[in-house]
Each structure stands twice: as structure tokens, then as C-alpha cells.
Amino acid sequence: METFLPNAIPFWDELSEDEKQLILNNIQKRSYAANSVVHQVGNDCVGMKIVKYGLIRVFAYTTNGTEVTLYRLKGKDICLLSILCKLKNLNLDINIEAEEESFIYIIPFDIYNKLLSTNNAVYIYDKESTSERLTEVVSSLFDILFFSVGKRIIDNLIYYSDLYKSDTISITHEKLAKNIGTVREVVTRTLKNFQDLNLIEVSRGKIKILDMYKLKNTII
């Protein structure tokens, strides 16, 4: 743990030895199976989450009950309790799930708040990171409002291809629908159109990108 945290926490070097020890003495470790719940709407923010490995999805429900992905976290990414609280203030029902088997460190709420109120480096990091995450959230909501389902599917396929360094993506139509805030039937129909254009090849639980350049430049 001691070797991971100094590399993962941006403000670690700005902490006093007592503050570092306070974190080490109180930090929690939690592992999650793929597709398991990390945080549900209505639960209190338990603290600052630091992803050691895995893939975490933060999402909200739309008014018609579909899901929309707000942002993701992977190794060394951090989810601050302040961003979750601000999202609650925007009347967004926030949920967090592990898309893959994941391992997370958690700095408890009271410990993080103590650091936030006494260490200026932590305060500055919190403000800057919260602003960046809120920008991601606004961008995701903007996509839902102004971009077509086709464009959102293309962006998702490109994201997963970059993430896993592969043109073949293991994902269901249902999962894609949850990612972009629509229903499975719409995703299936859109993927069929992309397949007819020879952009992708669809098989059970997998989508293979046949022409990345054309996919990226497809006008929807």
C-alpha cells in the first residue's frame, strides 16, 4: 500500500508526516467483482476513493429510467466525495458500479475532511479536480441532449477500443444502451446500420471495428 499511495495521491508530497500516517492508519481497502455495486443512490459518500486497478463507472438515471454514464475511473484515478455531493445538489441520482474486477482504497469521510480543512494543497486539489469532473459530467449530459445515438455509440466504441488496445470489443447491446442513455432496441438497430456500411462486425457479445478511420469520420 505504501508504495502505491504516494504515486496515486497527487498531493501526497505536500502532506506532513503526521497527515500521511493518519491516512495510512485509517485507509480502507475494498475489492469488487465485475458488475457489482460500489455506491447506490441514497447512500452517504464514504470518502475519497482511489482506484488501484479495474474500471469503475459513475452513472445516473434519466427521467425515463435509462442510464447515462457520467464518467469512468481506472487505475490511479480518484473519485472525490465533494464531486458526489455536488452532483446530488444537481438532483442527479448517482450510482457507481465496477465494470471490471476492481480494487479501491478509501480515505474515510472524516479523515479527508480534516485534511481538506487544514492542508491548502488538499484544498486546491479538491477544487481543481471537482471542477474537472463537473466538466466531464456536463459534457456527458450535453452529448445526451445534442448528439445522436449513432454518434454516442461510435464514441463509446472508440473509447473501449482505446482502453483495451483492441479493435474487438466485448460488450452487449444492453451495456452500450446503458452507457449512452437509450434502450437496447435502438442500439441494436443502429449497430445493424453500421454493419451494413461495413464499419463494424457484430457477433454475440462482441463488436469488431472493421474500419476505424471511417467509423471516426462517419457523419451521423
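The following legends describe close-up views of a predicted model. Local features need pLDDT of at least 70 and side-chain atom pairs count only at pLDDT 80 or more, whereas totals for chains, interfaces and linings use all residues. Residues are numbered from 1 along each chain as its sequence is written, and side-chain values use heavy atoms, with hydrogens and water left out.

**View 1. Strand 8 and its two antiparallel partners, strand 1 and strand 3.** Helices (H or I, at least four residues) and strands (E, at least two) are DSSP runs, numbered from the N terminus. Strand 8 spans residues 102–108, and seven of its seven residues are buried (under 20% relative accessible area; exposed is over 50% and partly exposed in between, with a 1.4 Å probe and protein chains only). Ser102, Ile104, Ile106 and Pro108 point one way from the strand, while Phe103, Tyr105 and Ile107 point the other way. In a regular strand the side chains alternate between the two faces of the sheet. Strands pair if DSSP finds at least two bridges between them. Strand 1 (residues 28–32) pairs with strand 8 over five bridges, and Phe103 is the bridge partner of Ser31. Strand 3 (residues 47–53) pairs with strand 8 over six bridges; here Val51 stands opposite Ile104.

**View 2. Helix 5 and the capping residue Asn119 at its N-terminal end.** Helix 5 covers residues 120–146. With 27 residues, helix 5 reaches 39 Å from its first C-alpha to its last, close to the 39 Å expected at 1.5 Å a residue; the expected span is 1.5 Å times one less than the number of residues. A side-chain oxygen of Asn119 lies 2.9 Å from the backbone nitrogen of Ala121. The buried residues of the helix are Val122, Tyr125, Asp126, Ser129, Thr130, Arg133, Val137 and Ser140. An α-helix has 3.6 residues a turn, so residues three or four places apart point the same way.

**View 3. Asp126 and the crossing of helix 4 with helix 5.** The axes of helix 4 (residues 109–118) and helix 5 come within 5 Å and cross at roughly 105 degrees. Helix 4 is therefore roughly perpendicular to helix 5 (65 to 115 degrees; under 35 counts as roughly parallel, over 145 as roughly antiparallel and the rest as oblique). Axes are lines fitted to C-alpha atoms, for helices over the stretch in contact, and angles run from 0 to 180 degrees between N-to-C directions. Tyr112, Leu115, Leu116 and Thr118 in helix 4 meet Asn120, Val122, Tyr123 and Asp126 in helix 5, where contact means heavy atoms within 4.5 Å. Asp126 counts as buried at 5% relative accessibility. The side chains of Asp126 and Tyr112 make a polar contact at 2.5 Å (a pair of N or O atoms within 3.5 Å; within protein, one must be able to donate a hydrogen and the other to accept it, and residues adjacent in sequence count only if both atoms are side-chain atoms).

**View 4. Helix 6, helix 7 and Thr190 of helix 8.** Helix 6 (residues 149–164) and helix 7 (residues 173–180) pack at about 110 degrees, their axes 10 Å apart. This angle makes helix 6 roughly perpendicular to helix 7. Val149, Arg152, Ile153, Asn156, Leu157 and Tyr160 in helix 6 meet Lys175, Leu176, Asn179 and Ile180 in helix 7. Thr190, in helix 8 (residues 184–196), counts as buried at 13% relative accessibility. Leaving aside neighbours within four places in sequence, Thr190 is in contact with Val149, Gly150 and Ile153.
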